[in-house]
Amino acid sequence: MAKAKSELVIVESPAKARTIEKYLGGDFRVVASMGHLRDLPTNTLGVDIEHDFTPDYQPVKGREDVIDDLRKSAKKANTVYLATDPDREGEAISWHLKELLDLPDDKARRVTFNEITKKVVQDSIRNPRDIDRDLVDAQQARRVLDRIVGYKLSPLLWRKIRKGLSAGRVQSVATRMVIDRENEIRSFVPEEYWYLYATLAAATGETFRASFYGTTEKKQELHSEAEVEAVCKAVEGDKTFRIQSVKHGKKQRSPSPPFITSTLQQEASRRLGMTPRRTMSIAQQLYEGVDIEGEGTVGLITYMRTDSLRLSEDALAAAGDFIRSHYGDKYYYGKPRRYKTGSNAQDAHEAIRPSIPSMTPDRVRKSLTGDQYRLYRLIWGRFTASQMANAVYDNMTIDSECAGYIFRAYHSEIDFPGYTDVYKDDEEDTEGEEPGKGKMPLPELKEGESVALSKLDREQNFTTPPSRYSEATLIRAMEEKGIGRPSTYAPTISTITAREYVVKEGKYLRPTPLGETVNGLMEERFPDIVDVKFTARMEDSLDKVEEGQEDWKKILHDFYDGFSASLDNAEEALQGVHLKVPDEVSTEVCPNCGKNLVYKSGRFGRFLACPGYPECSFTMPIVVEMPGKCPRCGGRILKRTSRNGHPYYVCENRPVGEKRPEGKDRKECDFWTFDVPVKDECPACGKTMFKVSGKGQRKPFCINTECANFLPEDKRGYRTWKKKTDDASGEEKAAEEKPKAKRGRPRKEAKA
């Protein structure tokens with residue numbers, strides 16, 4: 001008979017349980033709580049405001065069997081190790097487990113794992129601690145505060161605007177930031193500026209391009225055509241340029257620090273196209289453990305919710321050993337690089353790094369999914385590069401003078417790659433130079449030497465408004481302003497998009513009329529809730545609770561007094577008022593009555609509908625204009641999404657919904673395809689090219705059957721090629737109605 005295990009370890013997820021049990025073995029049984037088992041009730045406020053904000057915690061409905069099993073296991077165990085995630089929320093979950101399972105203090109022990117490796121797991125079990133009540137109180141304060149704001153404000157929004165809306169400390173501020181950026185774009189006034197280039201020829205016949213820099217006395221910018229003409233007239237009257245200075249130099253570029261939560265989400269979005277939620281989901285899998293061929297289950301990265309750049313001495317030493325052995329001594333910086341953590345950081349955990357630096361991405365690639373591999377490669381590369389030698393560049397700058405004006409040529413090329421052999425920054429600085437400058441090698445010239453003017457090129461430009469926030473840049477802005485914490489970035493963005501306060505167009509976030517209406521009410525009646533500085537100060541207060549410097553209930557009292565007064569004033573001022581959300585009008589026209597379609601929301605998300613309802617009930621999926629032209633009729637190509645979320649591409653002249661009335665002067669075209677149109681044109685026939693949908697680099701191909709470059713379907717790289725059906729309308733209907741997309745679904749396209 002097998003010996004009963006006397007020690008119980010409770011973690012949050014089954015994947016983590018399997019990994020940790022392998023490392024402990026023997027007397028240890030590791031089980032998963034599957035997240036929260038006790039929380040505030042879902043159908044009531046659950047906070048007794050009159051009695052010092054006492055929370056009414058209750059067992060989570062539907063989790064009774066898990067709770068019963070944990071109680072039985074805890075009763076048999078000598079010690080119960082509470083090993084939930086190493087953050088505020090994890091600490092609170094451990095405290096809830098202790099209370100729910102009625103564990104005495106000497107039996108309930110708290111352990112945390114910054115990384116799930118055998119050494120760290122065993123060391124943590126040997127050194128347990130008590131539950132940190134300061135951490136628990138900080139999480140309680142956040143939970144109760146957010147519950148009060150949400151449950152008090154949301155009903156007001158339901159009555160005054162629309163049912164199903166919500167408000168919150170962080171989500172309302174994030175929405176306001178998106179709206180403020182949109183208002184900046186709307187009010188932006190472009191300003192004119194010019195670039196002026198001189199193509200110069202040396203005595204050897206070599207030519208190079210120099211940009212207008214200014215006068216011999218100071219740098220000057222060109223803001224009008226008249227200013228450009230004045231420079232050109234003076235230069236063309238002289239035509240002889242004299243080399244005023246030739247400077248050679250070396251510039252070193254240092255690697256970026258390892259990732260924290262916000263920078264990982266930003267880079268994964270920019271480089272890999274992953275949403276913050278997807279990034280954190282994949283990172284969680286890498287942290288909890290992956291089955292690696294020949295190694296068993298291994299936790300590949302350290303804990304991924306962190307705002308600290310601190311690195312352990314063991315990790316620094318391991319990285320140094322790996323770099324010297326695989327790249328050579330000259331690629332190592334010479335000593336460990338330590339990075340300074342920001343002043344607002346909690347500094348509770350290390351930066352995100354590989355648990356075992358010597359476990360390279362190529363070594364584990366076969367054991368990972370595509371997304372796991374791409375994210376692990378990003379984390380591993382950034383950490384390893386952070387401990388490598390600087391990249392060294394050879395720079396050359398030539399200043400040429402003519403008629404009192406300076407034209408500058410600049411060139412830079414790499415001398416020693418250093419850390420860039422492992423991790424290349426996509427946004428390497430170019431010293432603020434305009435596009436195209438510094439790319440061509442420069443001739444060897446001497447000071448005082450003359451060069452001839454071959455031609456002058458001018459380029460008119462206008463300043464552009466700031467870009468809309470992407471998910472990545474919004475997270476960066478939230479971090480800079482102290483809004484939210486690492487665990488809240490991804491959920492906040494998911495919430496404001498789910499509520500349709502903002503929508504994602506391409507990779508950018510745009511506010512909706514609904515979001516602007518809600519924000520307008522909040523700014524007018526609850527300015528503190530949507531005030532960036534107020535919200536940042538509240539985050540600082542929660543940090544002080546965690547550090548034991550503030551009482552959590554005092555913070556709630558200080559907040560609620562003003563909030564309650566604002567709520568009462570809003571109820572009185574808005575009595576009998578119902579705010580109408582303006583229709584968001586699209587550029588698409590109803591084919592039945594000719595009105596511009598408007599955006600609506602339904603159970604399957606947003607769609608376009610005729611504003612003439614009920615007289616006209618026409619609806620259609622939201623469309624996005626794609627690059628290129630229809631290969632059949634030359635119309636615009638539009639991206640549509642089926643009811644099940646699958647994108648496909650159609651000609652704008654393809655009939656949608658009801659048949660057009662007689663006499664409509666508009667040509668019809670039945671072109672549509674699952675393949676993605678690209679901006680490139682076929683060099684042989686000039687028609688738009690397409691590529692196979694999906695992630696990664698895909699080579700464009702021509703679909704024109706009459707073109708010499710036509711690529712048959714069985715050679716385009718579909719994962720599973722199927723013969724296309726002749727029934728285009730039936731296939732398009734299938735794209736919208738099938739509950740689940742099948743791999744290798746057939747592509748339908750019209751002959752070009």
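What follows is a chat about the structure shown above.

Reader: What kind of model is this, and how are its residues numbered?

Author: This is a predicted model, in which local features need pLDDT of at least 70 and side-chain atom pairs count only at pLDDT 80 or more, while totals for chains, interfaces and linings use all residues. Residues are numbered from 1 along each chain as its sequence is written, and side-chain values use heavy atoms, with hydrogens and water left out.

Reader: OK, how many helices and strands does the chain have?

Author: The chain has 18 helices and 28 strands, where helices (H or I, at least four residues) and strands (E, at least two) are DSSP runs numbered from the N terminus.

Reader: And how much of the chain is buried?

Author: Of the 752 residues in the chain, 50% are buried; buried means under 20% relative accessible area, exposed means over 50%, and partly exposed is in between, with a 1.4 Å probe and protein chains only. The accessible surface of the chain is about 37500 Å², and 47% of that belongs to carbon and sulfur atoms; these areas come from the Shrake-Rupley method with a 1.4 Å probe, and for residues only the protein chains shown count as cover.

Reader: What share of the contacts comes from residues 24 or more positions apart?

Author: Among the contacts in the chain with a separation of 6 or more, 67% are between residues 24 or more positions apart, and contact here means heavy atoms within 4.5 Å.

Reader: Let's look at H1. Which of its residues are buried?

Author: In helix H1, which covers residues 14-24, the buried residues are Lys-16, Ala-17, Thr-19, Ile-20, Tyr-23 and Leu-24. The elements that cover them include strand S1 (7-11), strand S2 (28-32), helix H4 (118-126), helix H9 (276-288) and strand S13 (296-298). After H1 comes Gly-25, whose phi is positive, near 60°.

Reader: At what angle do H1 and H4 cross?

Author: The axes of H1 and H4 cross at roughly 75° and come within 9 Å; axes are lines fitted to C-alpha atoms, for helices over the stretch in contact, and angles run from 0 to 180 degrees between N-to-C directions. That makes H1 roughly perpendicular to H4, since angles under 35 degrees count as roughly parallel, over 145 as roughly antiparallel, 65 to 115 as roughly perpendicular and the rest as oblique.

Reader: Which residues make that contact?

Author: On the H1 side they are Ile-20, Tyr-23 and Leu-24, and on the H4 side Lys-118, Val-121, Gln-122 and Ile-125. By class, the contact of H1 with H4 has five nonpolar residues, one polar and one charged, where Ala, Val, Leu, Ile, Met, Phe, Trp, Tyr, Cys and Pro count as nonpolar, Asp, Glu, Lys and Arg as charged, and the others, Gly among them, as polar.

Reader: What about H3 and H5, how do they pack?

Author: Helix H3 (residues 88-100) packs with helix H5 (residues 133-160) at an angle of about 105°, and their axes are 8 Å apart, which means that H3 is roughly perpendicular to H5. The residues in contact include Trp-95 of H3 and Leu-135 of H5, and by class the contact of H3 with H5 has five nonpolar, two polar and five charged residues.

Reader: New topic: how many disulfides are there?

Author: The structure holds zero disulfides, a disulfide being a pair of cysteine sulfur atoms within 2.5 Å. Cys-616 is in no disulfide, and the nearest cysteine sulfur, that of Cys-610, is 3.6 Å away; Cys-616 is buried, with a relative accessible area of 11%. Cys-685 is also in no disulfide, with the nearest cysteine sulfur, that of Cys-707, 3.7 Å away, and Cys-685 is partly exposed at 29% relative accessibility.

Reader: Where is the cis peptide bond?

Author: The cis peptide bond joins Tyr-613 and Pro-614, with omega about 10°, and Pro-614 is in the loop between strand S21 (605-609) and strand S22 (619-620).

Reader: Last one: is Asp-102 buried or exposed, and what about Glu-500?

Author: Asp-102, in the loop between H3 and strand S8 (108-110), is exposed, with a relative accessible area of 66%. Glu-500, in the loop between helix H14 (489-498) and strand S17 (502-505), is buried, at 16%. Neither is a glycine, yet phi is positive in Asp-102, at about 55°, and in Glu-500, at about 65°.
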